[in-house]
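Good morning, and thank you for coming.

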Amino acid sequence: MTRTIGWRTAALALTVALTSLAAPAAAHVSVDSTSSERGGYGMITFRVPNESDTSATTKVAISIPTDTPLASVSVQSKPGWKVSTTTSKLPKPVKAGELELTKAVTEVSWTATGDGIPVAGFDTFAISGGPLPDAEELVLPATQMYADGTVVEWNTVQTGDVEPEHPAPMLTLTESTGGGHHGPEAKATEHSATETDNDDSGPDPIALIALGLAAVALVLSVKKNRTRA
């Protein structure tokens with residue numbers, strides 16, 4: 001009986017650890033850029049996962065706040081998606097680089113003309129723009145719409161250590177080096193939902209520790225059983 005319990009305990013611990021290691025981290029809309037230098041220009045890419053178990057994502061909209069507008073915005077065209085931009089009058093003039101803006105692009109959207117982003121899939125959407133504001137970060141809220149009518153607003157700014165349920169995509173900006181881009185970049189490269197999902201989050205450290213402890217428990221159990229035999 002003791003041998004059986006030992007084996008079962010070690011096996012259960014190993015199974016739990018492996019399951020934790022394989023489980024993906026909570027997905028959300030994220031943003032990255034080829035250049036995040038203040039005052040510069042860069043291609044800003046949004047990674048949009050489909051979190052629904054039953055419905056495809058059919059529209060993605062990105063808001064550009066009126067207090068940190070971009071003087072120049074060009075949008076990635078993608079097969080299977082219709083691109084749309086909204087230009088609005090700003091509440092008050094805003095300085096962007098050497099320009100003073102009274103109106104700017106405030107929303108960019110992609111609407112699926114085909115199947116959209118399938119269940120368990122993801123896609124990337126990009127704009128090229130600048131000059132990036134003289135700030136620590138650029139918050140770019142996103143709206144994700146599903147075929148079943150569900151709408152998810154990724155617009156909550158994290159203020160503490162705990163990440164909100166629907167965090168707004170946030171691009172951290174770096175100090176200007178004087179050598180950044182000073183004009184729009186080339187047209188954004190197209191991406192497809194069939195690309196390999198290269199999630200840079202890596203394995204969960206807790207799962208790795210659990211896996212190591214489970215392995216040790218299994219070895220000790222085997223040695224103990226051999227000794228008794």
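**Aromatic rings and charges**

Lys 78 lies over the face of Phe 125, at 5.1 Å from the ring centre. A charge counts as sitting over a ring if NZ of Lys or CZ of Arg is within 6 Å of the ring centre and within 35 degrees of the ring normal. Likewise, the charged end of Arg 47 is placed over the ring of Phe 122, 4.5 Å from its centre.

Please note that this is a predicted model, in which local features need pLDDT of at least 70 and side-chain atom pairs count only at pLDDT 80 or more, while totals for chains, interfaces and linings use all residues. Residues are numbered from 1 along each chain as its sequence is written, and side-chain values use heavy atoms, leaving out hydrogens and water.

How many aromatic pairs does the structure hold? There are two. Rings of Phe, Tyr and Trp (its six-membered ring) pair if their centres lie within 6.5 Å; planes under 30 degrees apart are stacked, over 60 edge-to-face, and the rest tilted.

Trp 81 and Phe 125 make an edge-to-face pair, with 5.0 Å between centres and 85° between planes. This pair links distant parts of the chain, 44 residues apart: Trp 81 in strand 5 (residues 81–96) and Phe 125 in strand 7 (residues 122–130). Strands are DSSP runs (E, at least two residues), numbered from the N terminus.

Trp 110 and Phe 125 have ring centres 5.2 Å apart and planes at 50°, so this pair is tilted. Both residues are buried, meaning under 20% relative accessible area (1.4 Å probe, protein chains only).

Together, Trp 81, Trp 110 and Phe 125 form one aromatic cluster.

Note on methods. Helices (H or I, at least four residues) and strands (E, at least two) are DSSP runs, numbered from the N terminus. Buried means under 20% relative accessible area, exposed over 50%, partly exposed in between (1.4 Å probe, protein chains only).
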